[in-house]
Amino acid sequence: MTTRQTTKKTSTSKAKTTAKTPAKPKAAPKPIPDLPVNPFVYEILNVVSKETTKARKVEALRKFNGAATKVVLIWNFDESVVSLLPPGDVPYAGTDEQNSFSGTLSEKVNDAVSKMNELGSNSLGSQDQGKSSIRKEFKRFYNFVKGGNDGLSSLRRETMFINILQGLHPLEAEILILTKDKRLGDKYKITKEVVAEAYPDIKWGGRS
């Protein structure tokens, strides 16, 4: 065998050895999780918050395109929406549990949410049947922002807000407490940019 033939054979063998393995096709992205019919707003926000990309968050919001969710997001992210409720903790005004709980309603809600997290469940069991939802109450939220019902006295407004909170599922009440202070982003990984892209029909500004 000549030197030229040996070199050619070695080169051919090297080319075969270094040939790239065809790349495996990328797996199709998982679909956005389904939720029960008429889900709680906290269930929707949880799904959106857990997605890791802007595109997926937008897709999730579009999948659960509900009026109650939009009202909460507008109240939280639109700077022209001005809350007429005192910032911070909500006072506790219950009478049936007066002897078993002391503190603010905000703390009571946080306590209930913490217990749910410890149990790994968002369900209150049989008590769920007696709890309301943001979806059922959101049409009354105009009372709590500037330009909605300005003739309402502060006392009446705050009492109405507390009554709604006490009737809500704790995780729904938590959302409302965060939203009134525009702090929804403290718990849920959602931005105004994501909301605006998901719901282009929302007109921002000029609400008060």
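**Pocket and rings**

Visitor: How much space lies in the second largest pocket?

Guide: This is a predicted model, where local features need pLDDT of at least 70, side-chain atom pairs count only at pLDDT 80 or more, and totals for chains, interfaces and linings use all residues. Residues are numbered from 1 along each chain as its sequence is written, and side-chain values use heavy atoms, without hydrogens or water. A pocket is an open set of points on a 1 Å grid over the protein atoms alone where a 1.4 Å probe fits, with protein on both sides within 12 Å along at least five of seven lines. Its volume, the space filled by probe spheres set on points joined across faces, edges and corners, is about 190 Å³.

Visitor: How many charged residues line the second largest pocket?

Guide: Lining residues have an atom within 4 Å of a point; among them are Trp75, Phe141, Lys139 and Arg207. Asp, Glu, Lys and Arg count as charged. The lining has 8 nonpolar residues, no polar ones, and a charged count of 2.

Visitor: Which residues do ring pairs link into a cluster?

Guide: Rings of Phe, Tyr and Trp (its six-membered ring) pair if their centres lie within 6.5 Å. The whole structure holds 5 aromatic pairs. Phe40 and Tyr42 form a stacked one (planes under 30 degrees apart), at 5.2 Å centre to centre and 20 degrees. The cluster is Trp75, Phe141, Phe144 and Phe161.

Visitor: Is Tyr42 buried or exposed?

Guide: Buried means under 20% relative accessible area and exposed over 50%, with a 1.4 Å probe and protein chains only. Tyr42 has a relative accessible area of 4%, so Tyr42 is buried.

Note on methods
Phe/Tyr/Trp six-rings, centres within 6.5 Å; stacked < 30°, edge-to-face > 60°.
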